[in-house]
Amino acid sequence: MNSELSRRMPFSLEAEQSVLGAILIDPTCMDHLAGILSAEDFMLEEHKDVFTAMQKMYLRSKTIDVVTLLDEGNTIPFIARYRKEMHGTMDDTTLRNLETRLTYLRNLQQRRDEVKKSIENQGKLTEELAAAIDQAATMTEVEDLYRPYK
């Protein structure tokens with residue numbers, strides 16, 4: 001197996017999405033990723049592009065603030081065309097992918113909180129179970145953990 005192929009294996013779509021989502025939610029994550037992670041570490045080209053844009057903004061000491069623009073009700077076409085200073089080189093597709101991922105991550109966190117509260121109300125929430133729920137990277141993982149307590 002050549003070194004390029006072995007460096008890219010194993011591939012985890014959820015891990016790539018989680019890293020990008022974490023940066024969107026808390027741009028200071030870039031402090032921890034500097035020198036460890038590069039765009040070439042991502043398998044999907046879209047993820048490479050998003051990470052590169054985020055990295056450029058970070059290196060220019062600009063806030064990665066697409067989230068605020070979205071939260072304020074700005075549309076993707078508006079952000080892509082008229083707020084380039086906020087996102088650098090991200091195009092409509094990249095911005096839409098970011099919006100979709102942000103929505104998913106927020107819904108995932110909300111579901112984690114709901115599941116933990118429900119299990120806690122049953123008096124069955126342990127520290128280990130709470131940690132497992134907090135570490136679940138997908139809705140499916142959260143629901144799998146919750147299934148015995150429904």
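Let's start with aromatic pairs. Rings of Phe, Tyr and Trp (its six-membered ring) pair if their centres lie within 6.5 Å. By that rule, the count is one aromatic pair. The partners are Phe-42 and Phe-51, with ring centres 5.1 Å apart and planes at 40 degrees, so the pair is tilted. For reference, planes under 30 degrees apart are stacked, over 60 edge-to-face, and the rest tilted.

A word on the source. This is a predicted model: local features need pLDDT of at least 70, side-chain atom pairs count only at pLDDT 80 or more, and totals for chains, interfaces and linings use all residues. Residues are numbered from 1 along each chain as its sequence is written, and side-chain values use heavy atoms, with hydrogens and water left out.

Phe-42 is at 2%, so it counts as buried. Phe-51 is at 1%, so it is buried too.

Stay with Phe-51. Contact means heavy atoms within 4.5 Å. Leaving out residues up to four places away in sequence, Phe-51 touches Leu-20, Ile-23, Met-30, Leu-33, Leu-37, Ser-38, Ala-39 and Phe-42. Take Ile-23 from that list. Ile-23 sits in helix α2. Its relative accessibility is 0%, so Ile-23 counts as buried. Ile-23 and Phe-51 are 28 residues apart in sequence, and 8.9 Å apart in space, C-alpha to C-alpha.

Now the core. A nonpolar core is a set of buried Ala, Val, Leu, Ile, Met, Phe, Trp, Tyr and Cys residues joined through side-chain atoms within 4.5 Å. The largest one has 24 residues. Ile-23, Phe-51, Met-54, Met-90, Leu-95 and Leu-98 touch the most other members. Elements giving two or more residues to this core are α2 (13-25), α3, α4, α5 (66-71), α6 (76-82) and α8 (92-121). A second, separate core has eight residues, among them Leu-108, Ile-119, Ala-136 and Tyr-146.

Zooming out. The protein chain has ten helices and zero strands. Helices here are DSSP runs (H or I, at least four residues), strands likewise (E, at least two), numbered from the N terminus. Of the 150 residues, 32% count as buried. Among contacts with a separation of 6 or more, 55% come from residues 24 or more positions apart.

Last, Met-43. Met-43 lies in the loop between α3 (29-33) and α4 (45-59). At 32% relative accessibility, Met-43 counts as partly exposed.

Conventions. Buried means under 20% relative accessible area, exposed over 50%, partly exposed in between (1.4 Å probe, protein chains only).
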